Amino acid sequence: MVDHCAFGWILSALFAFVIALSFFLAPRRNRRVEGTHSTPRSDCLRSSSTTNGECRSIDGDADVIIVGAGVAGSALAHTLGKDGRRVHVIERDLTEPDRIVGELLQPGGYLKLIELGLQDCVEEIDAQKVYGYALFKDGKNTRLSYPLENFHSDVSGRSFHNGRFIQRMREKAASLPNVRLEQGTVTSLLEEKGTIKGVQYKSKNGEVKTAYAPLTIVCDGCFSNLRRSLCNPMVDVPSCFVGLVLENCQLPFANHGHVVLGDPSPILFYPISSTEIRCLVDVPGQKVPSISNGEMEKYLKTVVAPQVPREIHDAFVAAIEKGNIRTMPNRSMPAAPQPTPGALLMGDAFNMRHPLTGGGMTVALSDIVVLRNLLKPLKDLNDAPTLCKYLESFYTLRKPVASTINTLAGALYKVFCASPDQARKEMRQACFDYLSLGGIFSNGPVSLLSGLNPRPLSLVLHFFAVAIYGVGRLLLPFPSPKGIWIGARLIYSASGIIFPIIKAEGVRQMFFPATVPAYYRSPPVFKPMP
C-alpha cells in the first residue's frame, strides 16, 4: 500500500492553482435584480375565513398559479405571497405526505431557507442537526465534516420526516392572506395561441374547475403529468431505494449521515428524529426483490445486513422483521426546458438527480431564490411573451448550484457502486482514500456536496484529482505494464462517468454562463393593459 502522504505535496500545489483558477473564471454579474419588495395591493389583502384549515380564498384573480404544494411549491407560494403576489396553489393531497426521500437538507439548502424566511419550518418537528458524513468501506471508516467554521453556529444540515417539514411550509404559506391553498388535481394546462392561460382541475369534491393567472408554475413533483408540454423529459431510473426505519439505536457518529460503500451499491443511514434512523438501501436497476413473497427480507438479511456497521446491525435486523419495508425508484432527469409563455417548471418536475447526496431540496430552494429575484422588479406579469423571454435567464442563473449538485450526485453514485471492473474498483478505493486524507482533499468535495461552494470547475478538478491519485497509487513505487494499463483505463472510466453528465447539464451554461445572452437580460418594461 502506497503511503498517502506521497502525493500530498503534489496535490497541495495543484489545488493552490485550482483555487486561484476557479476564482478567476467565476462569472461576474454586471447587474443586480433584487429590486425592492412590491407593495401588496389592497385587493390582495381581502380574504374570507379559512376552511378546515386548508385554504384562504381571495377576491379577484390570482397573479400566479402554483401546481403542487410539496417542498418547492409551498416555499415558492410563501415567497411570492410575501412579495405581494396573489397566489393560488392547487395540491392533489393536502394531508401529511409519508415519503422515504426528501428527508435531508444540506447546509447550503438551510442557508437558502434562511434567505427565504422559512428557517422556522425545521423547528417543532424533531429535526436533527447534521454536521457531516461518515464513510464505511471494508471495515474502515472516515469522518467528513461540513466546513462550517465561517458560518453562524446554527448553520448545519437538517434531517427530519419529510411530511412534517412540508406541512410546516404549507401552514406558513397559507398564513398569508393573499395565498390560497386548495386541494384539487390539475388535469391539464389551458393554452391559447401558444400561451398558457391557467389550468383545469378537479376539486376535492370532484367538480371540474378552471383557474386563470398570467403565470402558471408547475411544481407537481417527480411523477409530474404536466411536464411533457413544458420540457423534453429524459427520465432515467438507475436504481431504487429500499427504505427502513431503525428505532432506539445510536449511529457510530452522532449527527452525521452514514454511507456504507456496500456491494452492489451504497447503503445510507441518517437520523430523522431523536429516536429514529432512516436506512436507505440502494438496489441497482428498476426491479427490486418482492416484498410480498419474502424475497426482500431474505435479500436484506443475507446480502445487506453483513455489511451494516455492527453498532446498528441488531436494530437493522429488527427493522426488517418489523416489516415496514418501502421502496422508491430513484429518478434522474437533466433540465431540458422548452420556454413557454405563461408557464414555468420547477422542482422535481423540472430537474432530478440521484438522491444519494441529498441535494434535491437545496437545488429547489436555490431555484426559488433565483426566480424571486427575477420577479421582484416586475409590477405585473400580464405580457406573457415578454415575461417568457425575460425568464430565460432563470435557466442560466440557476446553473452554478444546480449543475454542481446534479453532476456530483450522478458521478458519486457511479463511483460508489461496486463493479467487477478492476479500473472501477481502483477508482472507488481511490475516492475513499482521497477523502480520508482530510484538509482540502475532504473539505473541497464536502463543500460541493453541501451546496456551500457551487463551483462546477472545482468539482471537475476534484473529480480528476481523485482519478490521478488512483493512477499514482498504481504506478508507485515502480510502474508496471499492468499498473499502467489499469491506470489508463481508470482515467478513461472517470471520463466516461463525468463527461456525459456535464454534456447533459450544458457545457456553456455550466462553465461559461457569462457568454449566454440571457444571462444579462434586464427586467422588461411592460406595456399597460388596454
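This is a predicted model: local features need pLDDT of at least 70, side-chain atom pairs count only at pLDDT 80 or more; totals for chains, interfaces and linings use all residues.
Across from Leu105 stands Arg158 in β7.

Strand β2 (residues 87-91) is mostly covered, with five of its five residues buried. In a regular strand, side chains alternate between the two faces of the sheet. In β2 both faces are covered: Val87, Val89 and Glu91 are buried on one side, and His88 and Ile90 are buried on the other.

Strand β1 (residues 64-67) runs parallel to β2 and is joined to it by four bridges. Within this pairing, Val67 has Ile90 of β2 as its bridge partner. Between β1 and β2 the chain passes through helix α2 (residues 71-82), making a β-α-β crossover that is right-handed.

β2 also pairs with strand β8 (residues 179-192), in the parallel sense and over five bridges. Here the bridge partner of Val87 is Val179 in β8.

## The largest nonpolar core

The largest nonpolar core holds 72 residues, and the members that touch the most others are Phe165 and Ile217. Helix α7 (residues 360-375) gives this core its largest share, nine residues.

Leaving aside residues up to four places away in sequence, Ile217 touches Val64, Ile65, Ile66 and Val67, along with Leu76, Leu80, Leu344, Met346 and Leu371. Four of these names belong to the stretch of β1, residues 64-67.

## A second core and Phe464

A separate, second core has 59 residues, among them Leu135, Leu408, Tyr434 and Phe464. Phe464 is located in helix α13 (residues 456-475).

Why does Phe464 count as buried? Its relative accessibility is 18%, and Phe464 is buried because that value is under the 20% cut-off.

Which residues does Phe464 touch, not counting residues up to four places away in sequence? They are Ala494, Ser495, Ile498 and Phe499.

Methods:
Residues are numbered from 1 along each chain as its sequence is written. Side-chain values use heavy atoms; hydrogens and water are left out. A nonpolar core is a set of buried Ala, Val, Leu, Ile, Met, Phe, Trp, Tyr and Cys residues joined through side-chain atoms within 4.5 Å. Buried means under 20% relative accessible area, exposed over 50%, partly exposed in between (1.4 Å probe, protein chains only). Helices (H or I, at least four residues) and strands (E, at least two) are DSSP runs, numbered from the N terminus. Contact means heavy atoms within 4.5 Å. Two strands pair if DSSP finds at least two bridges between them. A crossover is right-handed if, with the strands pointing away from the viewer, the path from the first strand over the helix to the second runs clockwise.
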